[in-house]
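Here are some friendly notes to read alongside the structure. Take the points one by one, and find each residue in the viewer as you go.

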Amino acid sequence: MPGVFRKQAEEIVVMRIKARLAFSFAVLLFCTVAVLVPVMLDGVSETVARAEERELRGHLEAVRAMARLRTNTAMALAELVATLPEAQAGVAAGDRSDLLAHFMPAFLKLKEDAGVEQFQFHLPPATSLLRLHQPDLFGDDLASFRQMVVEVNRSGKALQGLEFGVAGLGARAVAPIVLGTRAVGSVEFGMDFGQNFANQFKARFGADIAVALPRDGGFRTVAATSAAAAVDDETKKAALTGVTIIRRETLNGRPVASLVAALDDYSGIPAAVVEISIDAGDYQAQYARARMRALTVGGIVLLVGLAIAWFIARTISQPLIRMTEAMHRLADGDADVAVPSAGRRDEIGEMAQAMFVFKQNRAEIERQRAERDQFSRLGALGEMASNIAHELNQPLASILNYGQGMVRMLDGPSPDPALLKTGAVAVAQQAERAAAIIHKIRSFVRRRPQHRARLEINGLVRDSLALFDRSGVSRRISFHERLSAGNLFVSADRVELQQVLLNLLQNAVDAMPEGGAISLETAIEDKMVVLSVCDSGPGVPADAQAQLFHPFFTTKADGLGLGLSICRTIVESHGGRMRAAPGPDGGMIFDVSLPAIV
């Protein structure tokens, strides 16, 4: 019974610690996620929205300022012309020819250099005397729609601003012409307020703009710098009432903020609707950065929560510190360290018991580790010995065959010196190959860099076939070359690639003890030089194909299972890949792909 009560007491203590920590973190997370972060993000979102609106309203004022600049320019020109004696006399006499002769050159120059689109003279109250921009159109009464002209001729005071005309909405200025004390008419200049105006605005401020005019119950767009869809007519009608509308949407995958507002004519009456759009990507990025800062603040709050948790758990902090110090000493090899708090009945006591078990097992673990290290060294030594034996087997076997052949020739009645020389050269070549293999293994062990150079694959194939020892190959095995017409170059170590090719040739020969055909092909595919070795043997069982490149896997009775593994390692170290697949007519195909160079 005492044991049962003790277990229940331990569970209560554990539950209290877990409950207090869980409650503290729950409160902290609730405050962070449900209060701080949303409040901060809402404030940032509102700030970003206000910044977007300020920028859009600034652009709207820029549109109005550019319109005023145009009308100011037009007014300066109109007032200048109105003071010229040629203009006063010509208008008073109604002499169109004289006015045309005096002012047409000046209009053409102003049109080209200053963007003046209209230059005309009127007779009171609003009759067109001469349009220099349309000389053939004159004598029409403008009183029904050109109130600015009517007012100037009536009051004798100049006016400027936006107004509709025959050509649509324009930035206009009209000045009276007075001869002596008699008002004889008026002169008008009109500046562009269409597509050219829109293009200049975008070039200067980087925002898209569209200008629409009321027409037949709807609207007609007269200028736009973007092919994006404009706002609907209902929104434009609302803007004409004096309401400034802010919109936020996504167009063509990018966030866009738009402002829709009315532009007043010279008399203060809304005459057109302008839509200004800006890329809101920067503002979205600012919001993202602010969100990151909010999360950072949340992290700080989490740290505060950790401090609270530490305060709650301060009664167990000192035992934990002592336990940690003891564990460090034990990890450093001090097997005599005393286990603190071993008599406690809480989590600290359980840790002490676990540490005591760890201390008892440390010696056993160290002994097992030493044994594993020894076995690992022996395994690595055995693998290296197998590698060296496998790689040196072929050149040594060739040297033995050539040497025995030369001995038999020398024991014969009449040795052929040419054949003996050929055998001696072959022995020397195979010896050089064995020396190169040993050098490469030594370099690998010492981690020396490979010697790579520009290498032509077709030449390597021919040299390798000439080097391949065919003395023990059945005469029923034929070799075929299907090399590419052009030269194929790679950056590689010649000895290592030759080692790969000779290994594949030997495997192909071993696969056909009863004879067959071996084909060597080269090609270029997707900027990779592909070298293929194909045999017509019985192939490899399907369940064994996936293991062909695994170390120590072999289908030969006396094989070590290292050849293909070594070949693949060499190829992959050159940035290439190696693949094995059944041939279409039987046998196996081994492909070596290497990056091509020019």
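1. Which residues in H12 meet which residues in H14? Before answering, please keep in mind that this is a predicted model. On the H12 side, the residues are Glu496, Gln499, Val500, Asn503, Leu504 and Asn507. They meet Gly563, Leu564, Ile566, Cys567, Ile570, Val571 and Ser573 in H14.

2. Helix H12 covers residues 494-510 and helix H14 covers residues 563-573. Their axes come within 10 Å and cross at roughly 145°. The crossing of H12 and H14 is left-handed.

3. Besides taking part in the meeting of H12 with H14, Val571 is touched by Ser593. Ser593 sits in strand S17, which spans residues 588-597. Leaving out residues up to four places away in sequence, Ser593 also touches Met528, Val529, Val530, Gly576 and Arg577. Is Ser593 buried or exposed? Its relative accessibility is 7%, so Ser593 counts as buried.

4. Next come the aromatic rings. The count comes to 7 aromatic pairs. One of them joins Phe103 and Phe121 in a tilted arrangement, 5.6 Å centre to centre with 50° between the planes. This pair links distant parts of the chain: Phe103 belongs to helix H3 (residues 96-114) and Phe121 to strand S1 (residues 116-123), 18 residues apart. Both partners are buried, Phe103 with a relative accessible area of 6% and Phe121 at 0% relative accessibility.

5. Why is the pair of Phe119 and Phe189 called stacked? The ring centres are 4.2 Å apart and the planes lie at 20°, so this pair is stacked. Because Phe119 lies in strand S1 and Phe189 in strand S5 (residues 182-191), the pair ties together parts that are 70 residues apart in sequence. Phe119 counts as buried at 1% relative accessibility, and Phe189 counts as buried at 1% as well.

6. Ring pairs link Phe103, Phe107, Phe119, Phe121 and Phe189 into a cluster.

7. Finally, here are two places where a charge meets a ring. The charged end of Arg96 sits over the ring of Phe138, 3.7 Å from the ring's centre. Elsewhere, Arg454 has its charged end over the ring of Phe489, 4.0 Å from that ring's centre.

How values were computed:
Residues numbered from 1 in each chain as written. Predicted model: local features only at pLDDT ≥ 70, side-chain atom pairs only at ≥ 80, totals over all residues. Heavy atoms only, no water. Helix = DSSP H or I, 4+ residues; strand = E, 2+ residues; numbered from the N terminus. Buried < 20%, exposed > 50% of the residue type's maximum accessible area, 1.4 Å probe, protein only. Contact = heavy atoms within 4.5 Å. Phe/Tyr/Trp six-rings, centres within 6.5 Å; stacked < 30°, edge-to-face > 60°. Lys NZ or Arg CZ within 6 Å of the ring centre and 35° of its normal. Axes fitted to C-alpha atoms, helices over the stretch in contact; angles between N-to-C directions. Left-handed = near helix turned anticlockwise from the far one by under 90°.
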